[in-house]
Structures are given as structure tokens and as C-alpha cells.
Amino acid sequence: MKKLNSKYYLIIFCVFYILLIGVMGAYIYHAFQLKCKEIVTTVHTRIDNLEESGILNKYTIKKENEQYRMLLEIVHGKKTLDEFKEFNKKILKAREEHFSHLIDSLFVNEKYEVAVRYDMSQLTLHDQKKELLEAPITLLQTSHKVEKSYKTNTSNWEVQESSERTDVREEEKEYKHHFSLYQNQYIDIKNIISIALLSLLPLLILTAIVAISLLVVYYIAYRTIKQKEKEVDNLYNMVDNVTHEFKLPIATLKYGCNNLALEYQSPTIDLLMRQVNRLDRLQNSLTPYMTSDNNPYTVKDLTQMMDDLRQLYPEVKLYEQWDAQEEVLLDKTKMETILLNLIENSIKYGGTAIQCNISTNDKHYIFSVLDNGIGIAKDQQRDIFKKFYRIREGNIHNTTGLGIGLYQVQQIVESLNGQININSKPQKGTTFIITIPYV
């Protein structure tokens, strides 16, 4: 069962750890996307400013530049599209180096590797309802080629031209042209991923430190818990071995006391017999299940128990009071275990005057043990019923034990559907009150 619980704890930790990593990963990814968007916006803004300055007018298709005039000749039928392509091919290579240097100069400080390309994507003659371009024509580009466009801008204009001739001697014919021209701008940032990750490096390092620290802390805690579980298992095994070894000596003592009782009549033999029986009960209390003798608890049993305790602890004043019927219909062994553990616990922790009361009301048996010992601190009152727990400070009798007495009391009371209440103040004393319903 312990291994199963450990397995469940490991699964729960893994689930929450994966969720945490997922949340941190989502946050980092969102920050990465925002940084990339910021870089793209910066690059696009600077290139737009470069265009607005007019420096690129001679490189892209603008009115009155060389390429635009040649396009007009194509529209007028004086040039062919192939001639334009051949012309554009010649000037494209010549302009590439200068254009690359111009773009690189915009991002010297940031060290962005920016690629830009301008394409003429569409040339439509409306009067003829004809599209001249079968594929886009690159008008201008950098040495770094555009592979993935992070930003695309499209510019277009519609042109209507006409001429009215009155001079019949003019050889040129009148013309009227209506066409549309589309031009696309593509921007690619080659090192955008490395730039964005580099800017997020402190966040990545902090996230890695948090993730690794959680693993280390969990490993240390898990190893410590497993070590403590092993120690507890060893303690359980030791207790089991001790109780097993006690069985034969106790049986031998019982046999010897019974034989002495047959030969001699002495209060000392009766005392020895009661203590051997008590030792047998204590030995049984270390086992998971307590045996039951099904004998009720009587006034005589309480009186004999208190007399034995007086002989064992002559320096302690012990008082008993019986305000119930002659018999308490509860198991004798369980009753003695409860009362003996409470009284001896009071003696161990400084009690010099101890009162044991047994009474009843309409529905419950009520057992109380009052002492004037060192008391129990409030923060320890919940722990005293834990198995193997012992209050370490203030043990004025310097007694040793396994710390199972009050644990055994609690187990018995719970098995009888009863309750335990504690009223204790340090250096003033402790009162245990146990209520058990009638069977």
C-alpha cells in the first residue's frame, strides 16, 4: 500500500509539473511571438520611411522613371513584354548590391539580416480585358533572398491615358489606354528567431532554473520521505520481533506464578500474577489487533489496579472514585489499557497527585484522569495520539518508551465509538475525559 501511495504521489507531481511546464512554455511562446512582431514592425517602419524619402523611386516602378516609361511603351504596343524582361534582368543585378547595402545600413545596430524584394505582380489592360503578366516579375531585391515573407505590402494604381489629335499630318495615331499596375513588397528577416531568443535569454534561464529547482526539491523530499518510511518499517519490524520474543518469557512467568499460587498463599504472588498479566496485555497492545476477554470491568478491578500502582509508585498520591453501577459493560482488558496508559502517562510527566474517576450519565460511560503534571502544550495536543510520538522536553522522570500508549488509547476509544477530550495547561496539569456510549 505504501508503494502504491508513493506511485500516486509521483503521478500527481508529474501531472502538475507537466502543467507548470506547459504554462511556462505557453508564456515564453507568447513572449517570443510578441518579440518577433516587434522586430517585424520595426523593420517595416524603417523600410517605409526609406520609401517615403524617395530614395527608391528610381529602383521601383514609379511614374516618370525608366521602368515605368518602358511599361507605357508596352501598353502602346511599341515594346514587347520580353524586351521589358530582358531590360529588367540587366538592371536587376546591377542594382542588387547597392540596394542591399542601403537596407543593411538601416539595421547596423540591431544586426538584423533583412531581405527585401519588389515584384510587379499584375499588369491589366482594361480596354482590351487582357492580363499581360503570366508570372510576377522581380523589379528589385537584396543579396539576401526572401524565403519567408514576414510582411507583404501591395501597392497599385490605375492609369487612364488618351490623346486627341487635330493635326491630320501627324503620323502617330490617337490612343486611349486604361490599365492597372500592381506591385508587391516582401520583407524577410533571416535571423529573427535567433534575435528574438537572444532577447528572451534571461527569461529562458530563469524558467530553466525554476523547472530544475522544482525537480531537485522534489527529488530531495521524495528521497527523505522514502528514507523515513524505511526507518518506520524497520521500527515496526523491531517491535514485531520484540513482541514475538516476549511471548515465551511471559508464558513461562505465568506458568511459574500459577504453580507458586498453588503452593503458597501470598499477596506478593497475587501482585506478581497481576503484573505478569499486565505485561501480557502490553505485549498484545503492540500487535495490530488486541485480544478481548469479554469480561466486564468492576469496582474491584479498579481498586486492585490502583493498589498495584501505589506499590509501584509510593511517592505518587493516587485517588479513585467510582460513580457508576458495580460493573461497566466494557471489555476489561480494554478498560485497563485505557486507564493504565493514562495514569502512567501522568506519572511519567510529573504528576504527583492523580485522580481517576468513573461515572455514567443517561447515554455514556465517562472516564477521567486528572493530574498536576507538567501539562501538554497546545501545539502538541493533536500529536500525542500519533503512534511512536513522545513529548521530548520536560520528561522529568527520564523515562523511555515507544510512544504507543496514548495511540493505543485512541484506537480503543474509536473502536468503541467514543471520544477523547483534553484540557491541559503547561505547568498546571492535564485532564483526559473519555466518553463511550452504552453498548
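**Close-up views of a predicted model**

**View 1. Helix 8 against helix 9.** In this predicted model, the axes of helix 8 (residues 332–348) and helix 9 (residues 405–415) come within 9 Å and cross at roughly 145°. The crossing of helix 8 past helix 9 is left-handed. On the helix 8 side, the contact is made by Lys 334, Thr 337, Ile 338, Asn 341, Leu 342 and Asn 345. Helix 9 contributes Gly 405, Leu 406, Gln 408, Val 409, Ile 412, Val 413 and Ser 415.

**View 2. Two spans annotated by UniProt.** An unreviewed UniProt entry gives the feature "transmembrane region" at residues 7–29 and 192–221. What does the model show there? Residues 7–29 are 100% helix and 0% strand, and the C-alpha atoms at the ends of this span lie 32 Å apart. For residues 192–221, the end C-alpha atoms are 42 Å apart, with 97% helix and 0% strand.

View 3. Is Ser 368 buried or exposed? Its relative accessibility is 11%, so Ser 368 counts as buried, the cut-off being under 20%. Leaving aside residues up to four places away in sequence, Ser 368 touches Gln 355, Cys 356, Asn 357, Phe 432 and Ile 433.

Definitions and conventions
Residues are numbered from 1 along each chain as its sequence is written. This is a predicted model: local features need pLDDT of at least 70, side-chain atom pairs count only at pLDDT 80 or more; totals for chains, interfaces and linings use all residues. Side-chain values use heavy atoms; hydrogens and water are left out. Axes are lines fitted to C-alpha atoms, for helices over the stretch in contact, and angles run from 0 to 180 degrees between N-to-C directions. Helices (H or I, at least four residues) and strands (E, at least two) are DSSP runs, numbered from the N terminus. A crossing is left-handed if the near helix is turned anticlockwise from the far one by less than a right angle, and right-handed if clockwise. Contact means heavy atoms within 4.5 Å. UniProt positions are given in the numbering used here, feature names are shortened, and annotations may be inferred rather than shown by experiment. Buried means under 20% relative accessible area, exposed over 50%, partly exposed in between (1.4 Å probe, protein chains only).
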